[in-house]
Amino acid sequence: MIVAAGESLIDLVPEGAGPLSALVPRRGGGPYNTAVALGRLGAEAAFCSRVSTDAFGEVLLDGLRAAGVTTGLVQRGAEPTTLAVASVGADGSAGYSFYAEGTADRLFELPGPLPDAVRAIAFGTCSLVLEPGAGAYDALLRREAGRGVLTLLDPNVRPGLIPDADAHRERFLGRLPYVSLLKLSEEDAGWLGGAPAEWLAAGPSAVVLTRGSEGLTVFTGELTVSVPAVPVSVADTIGAGDTVNAALLHGLGSRSPAALEADEWADLLTFAARAAAVTCSRPGAEPPYAAELE
């Protein structure tokens, strides 16, 4: 079983051009998108979070169940669902404004022991910033790493949510000893500072860097492997990085990132690039089903 741990929210995505374009609500949140992508790819997946009991929260749970994702690790609360207003650039890239004060997902509490079947767990995005939940997710990361579970970290930086940039960068570095696989975008890397060699020395077995239309690159202690992006007509990039997270974890299977040879990394990155391309081809975070990648 693969667990995605972190927030779920509603993305309000513009339907057309201009600041007053109608906003269409879509299910979202980095970890949520990763969970849905895992389920659609055919992985045994679970979502670990705190979800509102409001109407948006029910819709979010429906989306998980429709993808075959189990929800037994989901906590519930009466607080409202977080909203993210997306702005989409001419190239399909997305920016966000968040409405997260007093929302349900940021009140996540450390759960009891996860099922023995859990072999990997992914963390990322708003849940790494918004307290008090961020501290609980940090505790979960340390605990699961300590018992040998493969951990993936996607910082997926949202600067507008970060009150102290230097403190957040220090916190990022403090997480790395507990991370098996670090995946981040070029934009994340530029904001956080540092380089793959530095991050690898802190703990991860591999660093996967997403480079937009230039493709993906993995760095390990011994290998650097790159693959090109898959050409596609881009609707927007919402959920593309989350789809990469899912494809990496699903494609790894029971293997450790440290055990892969160059050709195996090339195959895995190509699979992730193909999956992300499908997500980019349609509005909002709509990751592919396994049959779409055959």
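Trainee: Is Arg 255 buried, partly exposed or exposed?
Mentor: This is a predicted model, and the class is computed from it. Arg 255 has a relative accessible area of 31%. Buried means under 20%, and exposed means over 50%. The value of 31% lies in between, so Arg 255 is partly exposed.

Trainee: Where is Arg 255 found?
Mentor: Look at two helices, α7 (240–252) and α8 (262–280).

Trainee: Which residues is Arg 255 in contact with, leaving aside its neighbours within four places in sequence?
Mentor: Contact here means heavy atoms within 4.5 Å. With the sequence neighbours left aside, Arg 255 is in contact with Leu 150, Leu 260 and Glu 264.

Trainee: What separates the C-alpha atoms of Arg 255 and Leu 107?
Mentor: Along the chain, these two residues are 148 residues apart.

Trainee: Is Thr 279 buried or exposed?
Mentor: Thr 279 is found in helix α8. Its relative accessibility is 1%. The cut-off for buried is under 20%. So Thr 279 counts as buried.

Trainee: Which side chain does a polar contact join to that of Thr 279?
Mentor: Thr 279 touches several residues beyond four places away in sequence, among them Asp 236, Ala 240, Thr 243 and Pro 287. A polar contact of 2.9 Å joins two side chains here. The partner of Thr 279 in that contact is Thr 243.

Trainee: How many residues line the largest pocket?
Mentor: About 1200 Å³ of space lies in this pocket. Elements that give two or more residues to its lining include α7, α8 and β10 (181–185). Nearest its centre lie Ser 185, Glu 187, Thr 237, Ala 240 and Gly 241. The count of lining residues is 47.

Trainee: Which are the edge strands of the open sheet of nine strands?
Mentor: The order is β5-β4-β1-β8-β9-β10-β11-β12-β13, with mixed pairing. Neighbouring strands are turned by 15° against each other on average, direction ignored. An edge strand here pairs on one side only. The edge strands are β5 (74–77) and β13 (224–227).

Trainee: In what sense do β4 and β5 pair?
Mentor: Strands of a sheet pair through backbone hydrogen bonds, either parallel or antiparallel. Strand β4 covers residues 45–52 and pairs with β5 over four bridges. Val 51 stands opposite Arg 76 in β5. The sense of the β4 and β5 pairing is parallel.

Terms used. Residues are numbered from 1 along each chain as its sequence is written. This is a predicted model: local features need pLDDT of at least 70, side-chain atom pairs count only at pLDDT 80 or more; totals for chains, interfaces and linings use all residues. Side-chain values use heavy atoms; hydrogens and water are left out. Two strands pair if DSSP finds at least two bridges between them. Axes are lines fitted to C-alpha atoms, for helices over the stretch in contact, and angles run from 0 to 180 degrees between N-to-C directions. Buried means under 20% relative accessible area, exposed over 50%, partly exposed in between (1.4 Å probe, protein chains only). A polar contact is a pair of N or O atoms within 3.5 Å; within protein, one must be able to donate a hydrogen and the other to accept it, and residues adjacent in sequence count only if both atoms are side-chain atoms. On a 1 Å grid over the protein atoms alone, a cavity is a set of points where a 1.4 Å probe fits but cannot get out, and a pocket is an open set with protein on both sides within 12 Å along at least five of seven lines; lining residues have an atom within 4 Å of a point. Grid points are joined across faces, edges and corners, and a volume is the space filled by probe spheres set on the points.
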